[in-house]
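Let me put the structure up, and then I'll walk you through a few spots I picked out.

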Amino acid sequence: MPRSLALAPHVRACRVDDQVILLDLIHGRYHGVAGPQVDALAEFVQGWPTASQSAMPPRVNSLQPQSAGPLIKRGLVIPGHGRPIAVERLPEPAVAIEGWGESSAQGFGVRRWMQLIGGASWSAIQLRTCTLERIARTVAFRRLVHAGPDAESVNPERLQSTVSAYRRARPIVMTSKDRCLLDSLALIQFLAAERLFPHWVIGVKTRPFGAHAWVQLGALVLNDRLERVRRFTPILVA
């Protein structure tokens, strides 16, 4: 059966266990699809995630493209052949910077205070006034323009020192109740001012459903524990 539908450009999807989770970047909402539709929709929805990259979804002839009606109504799936969504793949998280211990190699001068306060303020405003689509596009475009081909070839001591400085000063401008989205985006801003350009990641899990954001450079997690991040499957990499 030809693929007569496609995921909307503002939708990201991933498969978690026996479900497909959709993230609407415009409205900031998650939608789950379970049951026979999970594999059947892969037959006629371009960009629909399957159990593996090489596995072909089984045919379920009783489910026709009309069964995608609820997703079309929500604007998550669109008629016709959409442009393929380029999804950047990250290595499996292998180590967290928390495991390296704190570094006191560099202080936290006026310039860094301004970077931290400015980055946290910018991030809070962006999350209140902009869609996730626009924020993710901004983060990805900046890394594309400024990072260059050696974005992940960073001096480990410099990276550790910079992230440790952020972690020590963070409680002064953000409370422990601040969301992971704000914390991760503020760290992205802080590191960009230091000419460091990691990825901003949002992941999801099921049973129970949960979403979480973190910052990752290659296989290195910069602002979270490895065991927690590994519970989530990335749905957005910016």
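This is a predicted model: local features need pLDDT of at least 70, side-chain atom pairs count only at pLDDT 80 or more; totals for chains, interfaces and linings use all residues.

Asp-17 sits in the loop between β2 (11-16) and β3 (19-24).

Arg-207 is in the loop between β8 and β9, and it counts as exposed, at 57% relative accessibility. What joins Arg-207 and Pro-208? That's a cis peptide bond, with omega at about -5°. Pro-208 lies in that loop as well, with β9 covering 210-217.

Take Glu-194, in the loop between α6 (180-193) and β8 (199-205). Glu-194 is buried, with a relative accessible area of 9%. Who's around it? Leaving out residues up to four places away in sequence, Glu-194 touches Arg-111, Arg-112, Gln-115, Arg-158 and Thr-162.

Then there's Arg-142, in helix α4, residues 132-146. Arg-142 has 19% relative accessibility, and it counts as buried because the cut-off is under 20%. Setting aside neighbours within four places, its contacts are Ala-147, Ile-188, Gln-189, Ala-192 and Phe-197.

Next, aromatics. Searching the whole structure turns up 2 aromatic pairs. One of them is Tyr-166 with Phe-190, a tilted arrangement with 5.6 Å centre to centre and 45° between the planes. This pair links distant parts of the chain: Tyr-166 is in helix α5 (156-173), Phe-190 is in helix α6, and they're 24 residues apart. Both Tyr-166 and Phe-190 are buried.

Last stop, a sheet. What's the strand order in this open sheet of 3 strands? It runs β5-β1-β6, with mixed pairing. The edges are β5 (45-46) and β6 (77-79), each pairing on one side only. Strand β1, residues 5-7, pairs with β6 in the antiparallel sense over 3 bridges. If you want to find that on screen, go to Leu-5, whose bridge partner in β6 is Pro-79.

That's my tour, over to you.

Note on methods:
Residues are numbered from 1 along each chain as its sequence is written. Side-chain values use heavy atoms; hydrogens and water are left out. Helices (H or I, at least four residues) and strands (E, at least two) are DSSP runs, numbered from the N terminus. Buried means under 20% relative accessible area, exposed over 50%, partly exposed in between (1.4 Å probe, protein chains only). Contact means heavy atoms within 4.5 Å. Two strands pair if DSSP finds at least two bridges between them. Rings of Phe, Tyr and Trp (its six-membered ring) pair if their centres lie within 6.5 Å; planes under 30 degrees apart count as stacked, over 60 as edge-to-face and the rest as tilted.
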